[in-house]
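Biologist: I would like to learn how to read the features of a protein model, one kind at a time. Could you show me the chain and then guide me through it?

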Amino acid sequence: MADELERKKKKDEKAKKKELKKLKAEEKSKQAEVKAKEAKDVPKKSTKKSSKRDAPEENPEDFVDPETPDGERKRLSSHMAKQYSPAAVERAWYAWWERAGFFIADAKSSKPAFVICKNFSSVLPPPNVTGVLHIGHALTAAIQDLIVRWKRMSGFNVLWVPGMDHAGIATQKELKRRGLTRHDLGREEYIKEVWKWKEENGSKILIQLRRLGASLDWSRECFTMDEQRSKAVTEAFVRFYKEGLIYRDIRLVHWDCHLKTAVSDDEVEHIDIKEKTLLKVPGYDKPVEFGLITSFAYPLEGGLGEVVVATTRVETMLGDTAIAIHPDDARYTHLHGKFAVHPFNGRRLPIICDGTLVDPGFGTGCVKITPAHDPNDFKLGKRHSLEFINIFTDDGKINTNGGADFTGMPRFAAREAIVEALKKQGLYRGAQNKEMRLGLCQRTSDVIEPMIKPQWYVNCSTIAKEALDVATSDENKKLEFIPKQYTAEWRRWLENIRDWCISRQLWWGHRIPAWYATLEEDQLREIGAYNDHWVVARTEEEARKEAAEKFSGKRFDLAQDDDVLDTWFSSGIFPLSALGWPDETDDFKAFYPTSVLETGHDILFFWVARMVMMGMKLSGDVPFSKVYLHPMIRDAHGRKMSKSLGNVIDPIEVIDGATLEALHERLEKGNLDPRELVVAKEGQVKDFPNGISECGADALRFALVSYTAQSDKINLDILRVVGYRQWCNKLWNAVRFALIRLGDGYSPPVAVSPETMPFSCQWILSVLNKAISKTVESLNAFEFPDAANTVYAWWQYQFCDVFIEAIKPYFVNPALASDRAHAQHALWVTLETGLRLLHPFMPFITEELWQRLPSPKDSERKASIVICDYPSAIENWTNEKVETEMETVLASVKCLRALRAELLEKQKNERLPAFALRENNITSEIVKSHELEIRTLANLSSLEVLLKGEDAAPAGSAVETVNENLKVYLRVDRAINVEAEQEKIRNKIAELQKQKEKLQIMMSASGYEEKVPANIKEDNVAKLAKILQEFDFFEKERARLVAEGNEQMKQK
């Protein structure tokens, strides 16, 4: 950690020097431009330019933040930098937040508790100790931190516990890649090496989380293998076992021959194969064929001929113990009760009848049965009491049960050898393409082998029903899924649940607290030979005591099971163990059950269901009341993130930016084989030809939260993140403008009175009030993209685009100086409130900007925006009348801007005179009273209000309709394009003609007068009259334009 901090410090110093150098270069360039201009303009006497020359030179160092000692409050530059820099803004704040204790929850607090349940992991859930967070984890962190910061600011006693998973399989694989294998080192030394590796590498994720701004309570940091969590795992196992929920049995499991362990269902990925396909399999030099079905014959006993069977795994025929036919298949009636003979070992294979497994219409109607290596055959073997013969060693080689000719061969090498042996005996009947699903280990890409093994299982039937009821029962509902559609998925999983295999043949993990007693009198000495010789206890001492009672008077040796528990077992009790369970800690009493679980929908069963089942059984209550399931991140093309495709993104690469070369370098340090590396690099060249731009954590977080509206998948385009980084620059400049307008001596008020303020100030407060209400409503409903879009829309389209522009006259026009203080107060209060509104989404930039704002002199300022109150609506800010009038103002401005763009090809900033043609006095009053705002926002030289029927349309102008009561004209000094304007008028008339015809057809329809209510008929008459008025107006406009066109022709 110390080394990391030192590296960070050096990196910060380097960045600071680079920024300073850049600023100096910019300043030098500007000075050169000024001198050049001065030389050019020597003959001209200009007071303005003279004042610029006389102004003191800017010192570049004034724009660079001084170095901040680690953990201290950030020291800000005396002047805001002229451009937003994510690296500069996000530096130093987090270390101060953490040291100041802003994220620490108080178990003794009287505030309402809010606990978000999540520890991070490389697979989701816990980012595990082996790796780094990817962009999917960044989404999780962004959403969770948004919730946490919002709740903390809303007065809740918020707890967010950082946890890390020990990741048994992933860790073993990682160490194996480094040349450390458990069998070479022995268990004790191997465990020491893993702990050593964990201490050296486990901090990467924690650094990433801090860089993302995740406001976790680091004082409660935990690791699934630490002492307290290990104690909880042992306690859970023992309690489950004592209640009969954990048992040991011999069953088929998913076996990874490369790792030599069972893996869970969720660690198996299935791929569809259409035809003969070559795949690379770990441990094999050349690719292996899949997608073929091989047919061969079994000779029948007594010279009765042969039966032909077919299989996609011909190597398993070494473990065949029967051949099944359908009892009603007339072709084989004569074979009932007969036997086939195994060609390689002479084993007698009974011909058995089974109507469940065998489809007489498929293939030959004969099915080879390998009970020890196929799930369906396993069930049939149980039904018919067949022999179960395992033919594989743990590393996937043929064992002695497979016969001397094949013993020691890797399973897929044996596949080829068996085909050759069948050919030699004349029993081979050919092979053809066959569609199939192939299970691969998610960790190793090894082909999963069904293997019969003694394992520990959790009986899930009763606890699954309880977990189902709390989510679906009207009387007992305690669990809510967001989005609601996942309730059906919950039901589907739990109604079809199977018992959970929880043992793994690894050394890194929670060793199963079960001891086997080998009695002196036992004939079979192998551990596990007698299933009733197991004792389960919390410690060896307790196990020895229990065994002594169980085998009273007998001598025995005691040995603990070598296997460890599935990582999901410890993850499943995380809401309990993170709070100190099984001890009755203050945290457990204050914070359990937790409030919300946020995670990806892909682990609804594998993690969420197990937490609910285990939590309810061990505590008597659900571990959380709400489950928010976020979408899965895909790349911009909709493809799943995959190392082999080169589209996996480290969030730090987005935060700091990364060159294409750096992205390639990360791939090279990974464990891709040379061919995959080439493909991955090609993918990066295609997606990131110029690398990834520096975006910062704030922009990344905001983009990810905004993306969650995309159903159950997110197609992440980095350019969208870049867009939000540019938006941060707009926020930065808005605050720079504000600080200039507020001035050095400005002291903000404790409260404001909107009714005394200018129109634009009243409006910005009213729409801010609405944005606050909508944001809080969306957050409460877990509609995070709606909340993000509401905040964005207020800042972008109302504050930056309208308000900042609308109040500029108050700072430059002496005639408006009396309202300047009101404008300043509105500017400050909306900025300060808007930053608090935005903070949970973008913590770094909002803290930096908030800290630069002045504060009221007579009130105590909070140390950080982190611990400020989240905004709530203020009743007297809302003003519907002002908002309605501003809608007319902005609609007029939009039309005038459109006319400007249409009429002026160049000099689009030229101030032009405009005219407003109104239909009634109400519209006239709105336009007249808000002439300042319209002139300012539309960049007009003047605005004159005309009355329809009294004032003539201004010559040399173009018209645009604002609404049915208002039209605006814009006049230019030069001649307008009459033909273009006439075409616009013709289109308007054609549109009105369609409206008129549609309305007239409806009003002349049979039964209209009798059936249509009077009020609707009155409305239709009014609409028709309005359309006819518009017709009249545009006909006159067309005549005016024709006349002006003729006049232009005469002048030419």
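Predicted model: local features only at pLDDT ≥ 70, side-chain atom pairs only at ≥ 80, totals over all residues.

Modeller: Let us begin with arginine 348, which lies over the face of phenylalanine 339, 3.8 Å from the ring centre; a charge sits over a ring if NZ of Lys or CZ of Arg is within 6 Å of the ring centre and within 35 degrees of the ring normal. Residues are numbered from 1 along each chain as its sequence is written, and side-chain values use heavy atoms, with hydrogens and water left out.

Biologist: With which residue does lysine 453 form a salt bridge?

Modeller: Side chains of opposite charge can pair when their charged atoms come close. Here the partner of lysine 453 is aspartate 394, and the closest N and O atoms are 2.3 Å apart (a salt bridge is a side-chain nitrogen of Lys or Arg within 4 Å of a carboxyl oxygen of Asp or Glu). Because aspartate 394 lies in the loop between α11 (375–384) and α12 (411–424), whereas lysine 453 lies in strand β18, the pair ties together parts that are 59 residues apart in sequence; helices (H or I, at least four residues) and strands (E, at least two) are DSSP runs, numbered from the N terminus. Lysine 453 is buried at a relative accessible area of 13%, and aspartate 394 is partly exposed at 33%, where buried means under 20%, exposed over 50% and partly exposed in between (1.4 Å probe, protein chains only).

Biologist: Which strand is joined to strand β18 by 10 bridges?

Modeller: Strands of a sheet pair through backbone hydrogen bonds, either parallel or antiparallel. In this model the partner is strand β5 (residues 246–256), which runs antiparallel to β18 (residues 449–458); two strands pair if DSSP finds at least two bridges between them. Valine 253, for example, has methionine 451 in β18 as its bridge partner. Both strands belong to an open sheet of 4 strands, in the order β6-β5-β18-β20 and with antiparallel pairing. Its edge strands, β6 (261–263) and β20 (500–501), each pair on one side only.

Biologist: Which aromatic pair links parts that are 313 residues apart in sequence?

Modeller: A pair of aromatic rings is described by the distance of the centres and the angle of the planes. The structure holds 44 aromatic pairs; rings of Phe, Tyr and Trp (its six-membered ring) pair if their centres lie within 6.5 Å, with planes under 30 degrees apart counted as stacked, over 60 as edge-to-face and the rest as tilted. One of them joins tryptophan 195 and tryptophan 508 edge-to-face, at 5.3 Å centre to centre and with 85° between the planes. Tryptophan 195 lies in helix α8 (residues 187–201) and tryptophan 508 in the loop between β21 (503–504) and β22 (514–519), so this is the pair that ties together parts 313 residues apart. Tryptophan 195 is partly exposed at 29% relative accessibility, while tryptophan 508 is buried at 2%. Elsewhere, ring pairs link Phe237, Tyr241, Trp456, Trp500, Tyr516, Trp534 and Phe569 into a cluster.

Biologist: How many salt bridges does the structure hold?

Modeller: There are 66 salt bridges. One of them is between the side chains of arginine 211 and aspartate 656, at 2.6 Å from N to O. Since arginine 211 lies in helix α9 (residues 203–212) and aspartate 656 in helix α20 (residues 651–656), the pair ties together parts that are 445 residues apart in sequence. Arginine 211 is partly exposed, at 24%, and aspartate 656 is also partly exposed, at 27%. Lysine 368 forms a salt bridge with aspartate 320, with 2.9 Å between the closest N and O atoms, and here lysine 368 and aspartate 320 are both buried.

Biologist: How many residues lie between β32 and β33 in their hairpin?

Modeller: The hairpin has 2 residues between β32 and β33, and the two strands pair in the antiparallel sense over 6 bridges. Serine 957 stands opposite arginine 971 in β33. Strand β32 (residues 957–963) is mostly covered, with 5 of its 7 residues buried.
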